[in-house]
Amino acid sequence: QVQLVESGGGLVQAGGSLRLSCVTSRSIFSINAMGWYRQAPGKQREFVARISSTDSTVYADSVKGRFTISRDSAGTTVYLQMTSLKPEDTAVYYCHVPSPTTWGQGTQVTVSS
């Protein structure tokens, strides 16, 4: 079982930046991929970004060009650098491992206008 712990959320003004971190109990090299999802109030959880063990990345169209997913050299921390934040980015952000499906506890990101 993989353990995931997110951090780095907070309150930021529109146009600002935040970096989220997700620490995993197993390296990405043994779990193949990690990603970020988000859930805004009253909405379904949606995909944000994913990185594979070979550093292949995928982004949702809504964040492409503004968000960057990366990892540390050990593969045990995955980051989500968020820039040019918009109020519509406000959500709880969850770290995710696809197999076996595992979610972190979430971290709140609030973008004020």
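Two strands count as paired if DSSP finds at least two bridges between them. Strands (E, at least two residues) and helices (H or I, at least four) are DSSP runs, numbered from the N terminus.

Before looking further, I noted that this is a predicted model, where local features need pLDDT of at least 70, side-chain atom pairs count only at pLDDT 80 or more, and totals for chains, interfaces and linings use all residues. Residues are numbered from 1 along each chain as its sequence is written, and side-chain values use heavy atoms, with hydrogens and water left out.

I started with a hairpin. Strand 7 (residues 67–71) runs antiparallel to strand 8 (residues 77–82), with five bridges between them. I picked out Ser70 and found its bridge partner in strand 8, Tyr79. Five residues sit between the two strands, and Gly75 in this hairpin has a positive phi near 75°.

Then I went through the loops. Asp55, between strand 5 and strand 6 (57–59), has a positive phi near 70° without being a glycine. Asp55 counts as partly exposed because its relative accessibility is 40%. I also found Ser84 in the loop between strand 8 and strand 9, with a positive phi of about 45°.

Last, I looked up Pro100: the peptide bond from Ser99 to Pro100 is cis, omega near -5°.

Methods. Buried means under 20% relative accessible area, exposed over 50%, partly exposed in between (1.4 Å probe, protein chains only).
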